[in-house]
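The following note is intended for a colleague meeting this structure for the first time. Please read the points in order, with the structure at hand.

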Amino acid sequence: MRAALLHAVGDDKLDIRDDVTLAPVGPTDVRVRIKATGVCHSDLSAMTGVLPQPVPLVPGHEGAGEVVEVGEHVGSVQPGDHVVISWRPACQECDLCLGGQPFLCMKYIIESFSKGNFRFGADTTAYGMAGCGTWAEEIVVPSVGVVKIDPEVSWEAAALIGCGITTGVGAAINTAKVRPGSTVAVIGCGGVGLSVIQGARISGARTILAIDPLESKHELAKKVGATHAVTPEEVPAALAELTGGSGFDYGFEVVGKSATIQSAWQLTRAGGDVVVVGAGAADDMVSISAFSLLFEGKNLLSSLYGEADVRHDFPYFAKLHKAGQLDLESLISSRIRLADLNDAVEALKSGEVLRQIVVMD
């Protein structure tokens, strides 16, 4: 089968080849034929080493497809089911899972660093990003790493639910629990940032300020729910106009940089919530004064994978999309082929594109 391989961290080009095979399906595994997969900034971060992954690596973690084979102990899905891939499978047995934080479960993430489900060349092992590797025609994942979804939802929309939508909408709904009538600022208007905006709109925020240096993204931000959109240079004036200078109830950082986390802190009112959604580098340190941290009463929150329980949230977001409350089509910049992934990665580096979706032949 075809797949895109990264042989070494930092390589400029993916090796797109057609001699890749899969490990056998285990008793609790599922084999999925990928129908659509996104090109996400986290994939680029994995390729550059910002998000550590074993190599050789098949990137890709945002995908959807059709079940083609299940292990003998799998009862949750069957061949023919439409499923969304979860890049953070929850074991459903550990203290984190049982305590209501399945998005923090590490069991299968740790296993993915030692268990490669791909083979190429002379039986060389390759690993899937976050245990997935959706930049391939087929993948083998644990059965808890797939969630059945309404077959009326398009493959492209289902793929977006697998990461960008769940991460962004979940940050607003699950982590921040944005209140009706509140004010929200979102730094970064890529696919995840636009999903945060949609989550804030769905939650009933009255003012949503989108902040991005690329003015080309401002119109789309308003289309999906932002009430105002500015560049970073225009933020002081917007802060004064929209909040009287007191700050926003919620400040979302969707870039993954210490500088923008500090900007989100400064934008948020005393007692408000600062929510970090972007995936940053391990050596990029954030500095906040101990005085400010205590006396301003702000809450600094992280939102990993939108704090989702994917068993509930994937189908829920699909229902919102079908009801017209969640705009997924507008987030798709282009539909491409697997063979075009190198061009797609270069386009991603520019920051101009939102979600490019690989549609499998």
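1. The largest nonpolar core of this predicted model has 95 residues. A nonpolar core here is a set of buried Ala, Val, Leu, Ile, Met, Phe, Trp, Tyr and Cys residues joined through side-chain atoms within 4.5 Å; buried means under 20% relative accessible area, exposed over 50%, and partly exposed in between (1.4 Å probe, protein chains only). The residues with the most contacts inside this core are Trp135, Ile165, Val184, Leu194, Ile197 and Phe252. Helix H4 (residues 155–175) gives the most to the core, with ten residues. A second, separate core of 14 residues includes Ile187, Ala238, Leu239 and Leu267.

2. On conventions, this is a predicted model in which local features need pLDDT of at least 70 and side-chain atom pairs count only at pLDDT 80 or more, while totals for chains, interfaces and linings use all residues. Residues are numbered from 1 along each chain as its sequence is written, and side-chain values use heavy atoms, with hydrogens and water left out. Helices (H or I, at least four residues) and strands (E, at least two) are DSSP runs, numbered from the N terminus.

3. Val184 has contacts (heavy atoms within 4.5 Å) beyond its neighbours within four places in sequence; among them are Val178, Ala200, Thr207, Leu209 and Phe252.

4. In strand E13 (residues 207–211), five of five residues are buried. Thr207, Leu209 and Ile211 cover one side, and Ile208 and Ala210 lie on the other.

5. Strand E12 (residues 183–187) runs parallel to E13, joined to it by five bridges; strands pair if DSSP finds at least two bridges between them. Ile187 has Ile211 of E13 as its bridge partner. From E12 the chain passes through helix H5 (residues 191–203) to E13 in a right-handed β-α-β crossover. Right-handed means that, with the strands pointing away from the viewer, the path from the first strand over the helix to the second runs clockwise.

6. E13 also pairs in the parallel sense with strand E14 (residues 228–230), over three bridges, and Ile211 stands opposite Val230 in E14. Together, E13, helix H6 (residues 218–224) and E14 make a right-handed β-α-β unit.
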